[in-house]
Amino acid sequence: MSGVHIHSGNVGRIAERIVSNELESRGYRVSDLNKEGTSANADLLAVRDGKSWQIQVKGSTHDRGCWFNYGHCNKENIDKGAPMYNRSDSFYRAQIVALVCVESASLYTCVLLPVTKAEELARLNIEREYKPLNKDGTKKKPGPVWSSLKDIPLRLTNEVRKQSMSQEQDVLQAYRDKWDIDDSTILPVNT
């Protein structure tokens, strides 16, 4: 029997299945919006009690510890404050962002955020990590937007930046394993 192989090439699909399984076990009917090709902005559609939610799933592997990936920022995110989510003009519009850190198929950590809260946290992260110039005075290149539930990197020596990350982590902790997506913090779309 071979070992578990979770890597950047398959973690996204594994994370989507984890979110689907968690929601289905709580009485939601979940459909894969990527079944017939990539849908813009949302990966899953969850329905329960006549309400529906479009969900974007962002998976990351646990090889760095329990870190979450908000996605990949671009120049417009950094320079102009463009949104991280719902970037495409499409019928599909994520209302929830599920951040999933996968260690194995049965060992994972999930944070479910209303898309507005995910945008706030991604913006806070970009302001902290991508807005400051490099030591040589050049702008930072776009890249992945990462955060952790508890670890603060040693490279973060500036107290203001540490406090920013701590605030971000407090919010992530508040939404950890918040599977009741139809509570009042997330606005549903009627089906």
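## Helix 3

The buried residues of helix 3 pack against strand 4 (67–72), helix 2 (75–80), strand 5, strand 6, strand 7 and helix 4. Here, helices (H or I, at least four residues) and strands (E, at least two) are DSSP runs, numbered from the N terminus. Buried means under 20% relative accessible area, exposed over 50%, and partly exposed in between (1.4 Å probe, protein chains only). Contact means heavy atoms within 4.5 Å.

The buried residues in helix 3 are V115, A118, E119, L121, A122, N125, I126, R128 and E129. An α-helix has 3.6 residues a turn, so residues three or four places apart point the same way. The 15 residues of helix 3 should span 21 Å at 1.5 Å a residue, and its end C-alpha atoms lie 20 Å apart, which agrees. The expected span of a helix is 1.5 Å times one less than its number of residues.

## Basis of the model

This is a predicted model, in which local features need pLDDT of at least 70 and side-chain atom pairs count only at pLDDT 80 or more, while totals for chains, interfaces and linings use all residues. Residues are numbered from 1 along each chain as its sequence is written, and side-chain values use heavy atoms, with hydrogens and water left out.

## The whole chain

Four helices and eight strands make up the helices and strands of the protein chain. Along the sequence, the pattern is α-β-β-β-β-α-β-β-α-β-α-β. The protein chain has a radius of gyration of 17 Å, close to the 16 Å given by the globule rule for 191 residues, so it is as compact as a globular protein of that length. That radius is taken over C-alpha atoms, and the globule rule is 2.2 Å times the number of residues to the power 0.38.

Taken along the principal axes, the C-alpha atoms of the protein chain fill a box of roughly 55 × 45 × 30 Å. Of its 191 residues, 45% count as buried. Among contacts between residues at least 6 apart in sequence, 63% join residues at least 24 apart.

## Helix 1

Helix 1 covers residues 11–24; its 14 residues should span 20 Å at 1.5 Å a residue, and its end C-alpha atoms are 20 Å apart, which agrees. V11, I14, A15, E16, I18, V19, S20, E22 and L23 are buried in this helix.

S8 lies in the segment before helix 1. With 71% relative accessibility, S8 counts as exposed. S8 and R176 are 168 residues apart along the chain, and their C-alpha atoms are separated by 22 Å.

## The largest pocket

The largest pocket has a volume of about 250 Å³. Of the 14 residues that line this pocket, N125, E129, Y130, R155 and R161 are the closest to its centre. On a 1 Å grid over the protein atoms alone, a pocket is an open set of points where a 1.4 Å probe fits, with protein on both sides within 12 Å along at least five of seven lines; a cavity is a set from which the probe cannot get out, and lining residues have an atom within 4 Å of a point. Grid points are joined across faces, edges and corners, and a volume is the space filled by probe spheres set on the points.

At least two lining residues come from each of helix 3 (115–129), strand 7 (144–148) and helix 4 (159–174). The lining divides into seven nonpolar, one polar and six charged residues. Ala, Val, Leu, Ile, Met, Phe, Trp, Tyr, Cys and Pro count as nonpolar, Asp, Glu, Lys and Arg as charged, and the others, Gly among them, as polar.

K58 lies in strand 3 and, at 22% relative accessibility, counts as partly exposed. Not counting residues up to four places away in sequence, K58 touches N69, Y70, G71, Y85, V97, A98, L99 and V100.

D63 is in the loop between strand 3 and strand 4. At 67% relative accessibility, D63 counts as exposed. The C-alpha atoms of D63 and N34 are separated by 26 Å, and the two are 29 residues apart along the chain.

## Positive phi values

N86 lies in the loop between helix 2 and strand 5. Phi of N86 is near 55 degrees, a positive value in a residue other than glycine. N86 is buried, with a relative accessible area of 13%.

D177 is found in the loop between helix 4 and strand 8 (189–190). Phi of D177 is also positive, near 55 degrees, and D177 is not a glycine. At 40% relative accessibility, D177 counts as partly exposed.
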